[in-house]
Amino acid sequence: MLRRPATSTQITHLQRLWLYILCGLVLFYLVVPTLLVIPMSFSGSRFLSFPPETWSLRWYRAYFDSVEWRAATSVSLQAAAWTTVVATVTGTLAAYGLHCSRLKITKHLSVLLVLPMIIPVILLAVGVFMLFAPLQLNSSLTGLVLSHSALAIPLVLITVTAGMRNFDLNQEQVARSLGASRPRAFVTVTLPQIRNSVLSAALLSFVVSLDEVVIALLIAGGDMATLPRRMFLALRDEIDPTIASISTILILLSILLLGLSQLLDRKRSK
Amino acid sequence: MSSAESGVRQNETALARQAFTEQLKLLSLSFPALLLVGFIVLIPMGWLFWLSFLDADGFTLAHYERLLHPSYGLTLRTTFELAFLVTAVCVVLGYPLAYIAAQMSPRAARIVLLCVLFPFWTSLLVRTYAWLVLLQRRGQLNTWLQDWGLTDAPLRLVHNFTGTAIGMVHIMLPFMILPLYAAMKSIDENYMRAAANLGASPVQAFWQIHVPLSLPGLGAGVMVVFVLSLGFYVTPALLGGGRVMMWAMQIERSLAVYSDWGAASALGVVLLVITLAMLWLFSRLTGAVNAAAGGR
């Protein structure tokens, strides 16, 4: 097996064994350190080690008993849910409009919409903080949702535009020639066919908002502190083991969302 | 006759006008998103630019003059050093993985890609926290190193440059692997076969055929990783322990500690200009690479 050629240039598997080992190590580095947090979160002592010397649910209780952590979780979930709605709707409309319109300006507008992905987040955070101060949007859910939506729109635009490319717009023309209005044709013919891209985009926006630290750090004070903001501050000051239990929950959530996105991807490619 | 002609012309202009309004209507679908991005991104960026030239007496360059102070120079150097190091390590680790994954069976490649996507979907803070726990003085890695007799005393792995680099490479690696994989997947296997047929050794074929053809992916990966690293805040702030001062942290600090809007906006404008300049440079370079690859 090992002596068989691996590539068309006749390198054998044995000759590039080092390459496989290197790749194995890289994959290990990518996945395992994060997963080690899961068993450590069940540790009974303040000092987390692997494997834990004693097992307990102490840090989960610490999380669920804490009013602050629960409030932060609730703010984060609300912000993420609203961001998903706002970014997916506006982003999908923009992707559809810019894809179908044949005016030359569409190219420039697409670049404008991708800007939030290019500009360093710290700059967006400083800018938003400055903008929201006179509008009293700092420490408000609206402010959080607006700024997180701006971050998510580029991803929605890219994902949905990719989906639109696989869709034959003539189908919509057929529906319209049969008497459907454009909105109706979009909802009944186009949307069902780009559904998986739109859902992927929605998942991405949810994750972007749930994961966002830097903007929240500047604008989400007081009651509006998000989960990432609290985690960041707790990590900077001292390593609170409660974060291990929160991290475990977040890791399981991200595995779930990743699985969902893979499922959508597979359906889309079929 | 002429009235019929003018009728046709009238019809045509009416149709053209209708088509144009139709296009405008389509375009207007993008207005909510544009409005939001304009409000959240463009206006504040313009304002930041404006503020950086302003003090109590009006126009000034004082904020930029202050940036000439050596401490800012040091920050800029750290930022670039870290970005270079992280990008280089990502290339060294990411290229082989993408190379192997692109040659695997679809099912095996799927598993590898899942491993690459997993950190991508996991919270940045969670991953940074994991490194903090693993790398600290009494952390798991030091325990293992000492148990295996590799070191006598615990190593300083975190709250310094090393820890920051380890954590940042972990965050950035997927951004390198995914474009590389996409580029390598589109390389026609026949080129390598032809090279072997024409007498190239495997090493020659790899360097002269595979590497040049994968350059667009490499360029995209390098660009994304480098630019993201330049403006990175969270991981250096947590894993650097105050010893690694990045440009982004300098911005946050001048606001949070000194409430100095002039300095913060000047620092911000510099970061923005550097970022855009890098993007421009990379797109020029990869454009040149694409042209060269196309000319082969």
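**Exercise 1: Two helices**

Find how helix α8 (residues 170-177) of chain A and helix α9 (residues 182-193) of chain A are arranged.

Step 1. The axes of these two helices come within 9 Å and cross at roughly 130 degrees; axes are lines fitted to C-alpha atoms, for helices over the stretch in contact, with angles from 0 to 180 degrees between N-to-C directions. Helices are DSSP runs (H or I, at least four residues), numbered from the N terminus.

Step 2. That angle makes α8(A) oblique to α9(A), as angles under 35 degrees count as roughly parallel, over 145 as roughly antiparallel, 65 to 115 as roughly perpendicular and the rest as oblique.

Step 3. Among the residues making the contact are Ala175(A) of α8(A) and Phe186(A) of α9(A); in contact means C-beta atoms, placed from the backbone, within 7 Å.

A note on the model: it is predicted, so local features need pLDDT of at least 70 and side-chain atom pairs 80 or more, while totals for chains, interfaces and linings use all residues. Residues are numbered from 1 along each chain as its sequence is written, with chains lettered from A and ligands numbered from 1 in the order written.

**Exercise 2: Where the chains meet**

How many residues does the contact take from chain A and from chain B?

Step 1. Chain A brings 74 residues and chain B brings 66 residues.

Step 2. Helix α1 (residues 17-35) of chain A gives the most to the chain A side, with eleven residues.

Definitions and conventions. Two residues are in contact if their C-beta atoms, placed from the backbone, lie within 7 Å.
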